[in-house]
Amino acid sequence: MNRVLLRGARVITMAPHRPDAERADILIAGDTITAVGEGLGETGAEIIDVTGRIIMPGLVNAHLHTWQTALRGVGTDWTLADYLGRMHGAVARHYRPEDMRIGTLAGALDQLDRGTTTLGDWCHNTPTPDHTDAALDGLRASGVRGVFLHGTPYSAPDASHPVGEIDRLTAGPLVSIGMAVRGPQLSTPDTAIADFRAAAERGLVVSMHQSGGEPGPGWTAVRDAGLLSSRTNVVHGAGLTDDWLKTLVDADASLTSTPENELGQGHGFPVTGHLLRLGAAPSLGTDTDAVTPADVLSAARIALAHQRGHDHDHHRRATGSFSLTATITAKQALAWATVEGARALGLADRVGRLDAGMQADLVVIDAPAPNPVATALHATAADIEAVMIAGRWRKRDHRLLDVDLGTVRARLHESADRLLPHLTG
């Protein structure tokens, strides 16, 4: 078993019993962290000097449609209606399996470069098993840790999720399977119950979109059937009433906000403040490269700034003057991109924190750090010196490893050139 000792860094563990940041060594055996502490001695380990660096848990992007990577930026000025009509109504049906694979592979590699070690890959362009298999193969080939959330093209509200497809998919050491269902907003109550029950019977995360409208009878049916749980993941959540948010929080369900996309396209305002008032917190995603950058740290900063702005404005209205204290900390925002993301994907016992017994998924940041937490929150891909997943380096010395990026780029461009003409129908 390979043993590695990372020595001399400022470490942000995100563990509740430790300081925000500390000088510590990290001992790794195989794919697992065995110790975090100062002055660790291990003569049998490869010692790597990371003095002057910051080490933090790998980031978790809990909601991304990687299959859309080839069309990066085409929808920057799209509304939600534009996105649904042009991406799903027009171009999606022209995807071949090879487009699914290269988009997913390139999107996942981009996440690795940005410090994301765990990805919730919401794949809802699966018209054939070949499309599904190609996307799943691309995700596995990237080396990222992921939950492949199998979705379906938009269909009738009474069409249940094809559980036969779920049952034939196999998990691996890094990639597990989940269900990306239409959910109570877009399904009949009976269909929503059937989909939730199928996920519960298989012990899978069940994820769904919810935005731009109040909860309908499907939500009531699912709640009354006792099917809300810690494996329920609601993306966006805009339009949910405070009572419904409390119902979800009380059931230990997770909510994933994609703040830049939500604010720009018209989903509604992020639910950050509502969750904080309930003693909960959001996980974060970036949604689609076609519309917004797939940078989860940017999502964390936008969510933080947006909610602080709301809080400052509320204080001014109530008191007539500006607030003297920040209502949310940078550490909280970093937790949304690590701890909360791991919980949303059902992986909180494995990733999101640096602690003994956790998987060795971590990021090394090379940047000046008088305030390590702020430096980590403000980091860009250029600052991410190294990325490790399950004890294996995936990025080192600012370069992705074990991948022919030239070939990936060429195939991604070929896919984009073929797909772009179909954006208008």
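Q: Leaving aside neighbours within four places in sequence, which residues is L334 in contact with?
A: L334 is in contact with I12, M14, M56, L297, V373, A376 and L377. Contact means heavy atoms within 4.5 Å. One caveat: this is a predicted model, where local features need pLDDT of at least 70, side-chain atom pairs count only at pLDDT 80 or more, and totals for chains, interfaces and linings use all residues. Residues are numbered from 1 along each chain as its sequence is written, and side-chain values use heavy atoms, with hydrogens and water left out.

Q: Which residues touch the most other members of the largest nonpolar core?
A: I12, M56, M87, F148, L334, W336 and I365, out of 69 residues in that core. Helix α2 (residues 97-113) gives the largest share, seven residues. A nonpolar core is a set of buried Ala, Val, Leu, Ile, Met, Phe, Trp, Tyr and Cys residues joined through side-chain atoms within 4.5 Å. Buried means under 20% relative accessible area, exposed over 50%, partly exposed in between (1.4 Å probe, protein chains only). Helices (H or I, at least four residues) and strands (E, at least two) are DSSP runs, numbered from the N terminus.

Q: And what lies apart from that core?
A: Another core, of 26 residues. Its members include A198, A199, L204 and L227.

Q: Back to M14. Where does it sit?
A: In the loop between β1 (3-11) and β2 (22-29). M14 is buried, at 7% relative accessible area. Its phi is near 65°, a positive value in a residue other than glycine.

Q: What about the phi of D287?
A: D287 has a positive phi too, about 75°, although it is not a glycine. D287 is in the loop between β13 (283-284) and α10 (296-319). Its relative accessibility is 3%, so D287 counts as buried.

Q: D361 next. Buried or exposed?
A: Buried, at 3% relative accessibility. D361 is in the loop between α12 (339-344) and β14 (362-365).

Q: Which side chain does the D361 side chain make a polar contact with?
A: That of R145, at 2.7 Å. A polar contact is a pair of N or O atoms within 3.5 Å; within protein, one must be able to donate a hydrogen and the other to accept it, and residues adjacent in sequence count only if both atoms are side-chain atoms. The backbone nitrogen of A390 also lies 2.7 Å from a polar atom of the D361 side chain.

Q: Switching topic: how many salt bridges?
A: The count comes to 28. The rule is a side-chain nitrogen of Lys or Arg within 4 Å of a carboxyl oxygen of Asp or Glu.

Q: What does R53 pair with?
A: E385, with the closest N and O atoms 2.5 Å apart. R53 is in the loop between β4 (46-49) and β5 (54-57), and E385 is in strand β15 (residues 384-389), 332 residues apart. R53 is partly exposed at 23% relative accessible area, while E385 is buried at 11%.

Q: And how far apart are the closest N and O atoms of R114 and D295?
A: 3.9 Å, in a salt bridge. R114 lies in the loop between α2 and β7 (116-123) and D295 in the loop between β13 and α10, so the pair ties together parts 181 residues apart in sequence. D295 is buried, with a relative accessible area of 10%.

Q: Which residues do shared partners join into one network?
A: R72, D110, R114, D289 and D295, through salt bridges.
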